Amino acid sequence: MCGIVAYVGKKICQPVLIEGLKRLEYRGYDSAGLAVIGEDGQIAIRRAVGRISVLENKIADSEPLPQATIGMAHTRWATHGAPTETNAHPHLDDQARIALVHNGIIENYTVLRKFLEEKGHTFQSQTDTEVLAVLIGHIYQELKEKNGVHLKPGLSLLGKAVQTALHEVDGTYGIAVLCKEEPDTLVVARKGSPLIIGVGDDEYIVASDAAAIVEHTAQVIYLNDNEMAVLRPESLHTTTIDDVVVSPVIQQLESKLEEYELGDYEHFMLKEIFEQPQAIENCLRGRVDSKEGRITLGGVAGLARELARAKRFILTGQGTAWHAGLVGDYLFEDLAKVVTEATYASEFRYRNPLVEENTVMIAISQSGETADTLAALREAKEKGALALGVVNVVGSTIARETDAGVYLHAGPEIGVASTKAFTCQIATLAMLAIYIGRRRFMSQPQAQELVDGLLAIPDQMRRILSQNQQIREIASRFAGEENWLFLGRGYHYPIALEGALKLKEISYIHAEGMPAAEMKHGPIALISEGMPVVFIATRGYQYDKVISNIEEVRARGGVIIAVATEGDTNITRYSDHVIYIPDTQEPLQPLLSVVPLQLIAYHAAVIRGCNVDKPRNLAKSVTVE
């Protein structure tokens with residue numbers, strides 16, 4: 001959730017670190033800091049509470065930092081300890097010898113802290129991270145005092161101290177470590193929290209996200225769990241935590257710098273909403289054959305027989321990804337005729353789930369690093385499930401740990417509230433459902449119709465986006481209301497959940513999403529005069545039922561905002577405001593019906609003066625449980 005960027009090389013590192021922090025600010029943001037080692041061999045640290053701009057101002061107003069060529073920086077999303085300057089990273093050990101930044105949670109930090117206090121060490125913060133810094137410093141001193149410590153070539157004393165300390169740690173971490181006695185050495189390690197090493201010309205840029213690297217190099221190494229690297233300007237040495245040498249694999253970043261730029265848009269979220277047509281085209285490209293009416297998915301081609309014979313699918317994710325999984329639940333049962341369950345990843349591993357023979361687990365995650373989803377995936381694999389991934393980030397942990405998978409190709413998503421990744425997740429699950437369905441019971445004409453429908457989606461999205469101003473006017477009329485309902489049936493129940501989540505995430509309005517039929521089993525008591533109620537009322541087999549639900553809300557004073565199918569004039573008799581979307585097959589309608597809800601949430605948040613791209617208390621990638 002937090003962001004790490006570190007540098008060792010020939011350049012002055014401060015601009016690299018600050019720019020990297022800005023690109024990672026969406027990952028965590030309640031405080032930030034950096035540490036560098038100057039020519040005098042001392043570690044200089046600056047930390048501040050708030051945005052990166054606050055840190056920049058503090059650096060400008062304080063004693064100038066040394067012109068260092070090695071350093072690291074961090075944006076924090078608080079877990080242990082309040083957002084204060086003392087709790088901000090980087091943390092020093094109590095001898096000011098070791099500096100450390102950390103993503104993740106050290107679960108046994110209280111035990112370690114007690115041990116270190118008994119050894120005479122002192123602490124300044126409430127964080128688990130400082131405990132790890134002091135532990136590394138303690139071990140470093142012990143190793144120094146042992147004459148003739150055996151070090152494998154390339155490891156260094158700092159590397160050995162980190163290695164030894166991590167054997168005492170329970171929990172997750174992505175760390176970068178500096179030592180003033182090894183001023184040309186940067187040590188990094190990961191377990192459960194991503195780290196990427198960018199490989200430059202006599203330089204290395206380490207980050208928790210490619211966003212901080214892409215400006216400098218497209219050559220990267222993805223560290224695996226329980227791996228570490230000792231980096232110097234002229235060398236790279238990678239091992240496991242158990243000191244087994246690892247041969248690094250250099251890969252090419254797919255994303256480009258301009259994809260991380262805001263361009264002419266006011267916010268990344270708006271940019272990404274408007275990028276959805278192109279993102280869907282990229283997601284479908286090379287996979288959807290209109291002439292043959294066929295889906296081709298190279299990532300799962302080797303498992304086609306197993307997928308066709310599967311008796312049960314489990315779709316898992318968190319937040320927006322779980323909502324995509326709920327749509328997938330409908331798609332798989334409707335189109336592939338196979339028993340399917342969408343489940344919260346955070347609940348799956350703790351309920352001793354039943355995983356029968358011929359079960360397939362599909363892990364859905366934009367980042368491919370979501371801690372709960374990764375844990376659920378591992379639990380399902382442990383119980384014998386075939387594991388697939390639906391992720392957006394090439395080289396991510398979920399992508400590496402699944403048996404096969406399908407990348408979204410949505411492009412980088414910077415806004416914390418997911419938009420284009422969500423619609424690409426639905427498109428991918430639709431392709432998978434058709435792919436499996438054709439190998440089970442689906443006829444060629446039905447497949448052809450769905451394939452043609454998928455290919456029409458991008459232009460249909462553009463028609464919806466052309467109504468942006470009208471949708472803004474609707475949002476402006478109700479942005480001051482503090483309670484909303486979002487209601488839908490069938491395929492649109494998950495979209496009602498997603499619409500409510502978007503409004504909550506970025507505008508801080510209380511909103512509930514639920515099946516339209518559930519409303520009269522209790523929540524109808526919430527309806528009051530003037531309350532905005534959003535109905536997804538597109539043409540489908542439950543259309544008449546939705547109209548009945550609308551009338552029930554109207555009778556109690558609710559104001560109806562309907563998302564309806566183009567050409568439906570009947571809906572105007574029952575609604576105060578109507579947003580029309582193009583017609584398509586019912587299984588594909590969620591790809592279109594969600595777009596107006598994204599725009600309503602965006603405009604409501606802007607009108608209310610909220611920070612759309614960086615909503616309070618949220619981070620883009622949740623890499624801690």
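Helices here are DSSP runs of H or I with at least four residues, strands are runs of E with at least two, and both are numbered from the N terminus. This is a predicted model, with local features needing pLDDT of at least 70 and side-chain atom pairs counted only at pLDDT 80 or more, while totals for chains, interfaces and linings use all residues. Residues are numbered from 1 along each chain as its sequence is written, and side-chain values use heavy atoms, leaving out hydrogens and water.

**View 1. Serine 156, a residue with positive phi in a loop.** Serine 156 is found in the loop that runs between α4 (128–145) and α5 (157–166). Its phi is near 80°, a positive value in a residue other than glycine. For background, most residues other than glycine have a negative phi. Serine 156 is also buried, with a relative accessible area of 9%; buried means under 20% relative accessible area, exposed means over 50%, and partly exposed is in between (1.4 Å probe, protein chains only).

**View 2. Lysine 337, in the loop between α9 and β18.** Here too phi is positive in a residue other than glycine, near 55° for lysine 337. At 48% relative accessibility, lysine 337 counts as partly exposed.

**View 3. The cis peptide bond between histidine 89 and proline 90.** Omega of this bond is about 0°. Proline 90 is found in the loop between β4 (70–76) and β5 (91–92). For background, most peptide bonds are trans.

**View 4. Strand β4 and its partners β1 and β2.** Two strands pair if DSSP finds at least two bridges between them. β4 pairs with strand β1 (residues 3–8) in the antiparallel sense over six bridges, and glycine 3 stands opposite threonine 75 in β4. Strand β2 (residues 31–37) also runs antiparallel to β4, joined by six bridges; look for glycine 33, whose bridge partner in β4 is histidine 74. Seven of the seven residues of β4 are buried, so the strand is largely enclosed by the rest of the structure. Ile70, Met72, His74 and Arg76 point one way from β4, while Gly71, Ala73 and Thr75 point the other way.

**View 5. Helix α1 (residues 13–24) and what it packs against.** α1 has 12 residues and reaches 16 Å from its first C-alpha to its last, close to the 16 Å expected at 1.5 Å a residue. That expected span is 1.5 Å times one less than the number of residues. The buried residues of α1 are Cys13, Val16, Leu17, Ile18, Gly20, Leu21, Arg23 and Leu24. They pack against β1, β2, α2 (52–61) and β4, where contact means heavy atoms within 4.5 Å.

**View 6. An open sheet of five strands with parallel pairing.** The strand order is β18-β17-β19-β20-β21. β18 (339–344) and β21 (404–407) stand at the edges with a single partner strand each, so one side of each is left without a neighbour in the sheet. The twist averages 20° from one strand to the next. Strand β17 (residues 312–317) and strand β19 (residues 359–365) pair in the parallel sense over five bridges, and phenylalanine 313 stands opposite valine 360 in β19.

**View 7. Helices α9 and α13 lying across strands of the sheet.** Helix α9 (residues 320–336) lies across β17, β18 and β19, running at about 170° to β18. α13 lies across β17, β19, β20 (386–391) and β21, at about 160° to β19. Axes are lines fitted to C-alpha atoms, for helices over the stretch in contact, and angles run from 0 to 180 degrees between N-to-C directions.

**View 8. The largest nonpolar core, with 93 residues.** A nonpolar core is a set of buried Ala, Val, Leu, Ile, Met, Phe, Trp, Tyr and Cys residues joined through side-chain atoms within 4.5 Å. Leu307, Phe332, Ile362 and Trp484 have the most contacts inside this one. Its largest share, 13 residues, comes from helix α13 (residues 420–438). Leaving aside residues up to four places away in sequence, phenylalanine 332 touches Phe313, Lys337, Val338, Thr340, Ile362, Leu429, Leu432, Ala433 and Ile436.

**View 9. Helix α17 (residues 543–554) and its buried face.** The buried residues of α17 are Tyr543, Val546, Ile547, Asn549, Ile550 and Val553. Seen down the helix axis, they fall within an arc of 160°, so they line one face of α17; the arc is that of the directions from the helix axis to the C-beta atoms. Those buried residues pack against β24 (532–537) and β25 (559–565). The face turned away from the buried side carries the exposed residues Asp544 and Lys545.
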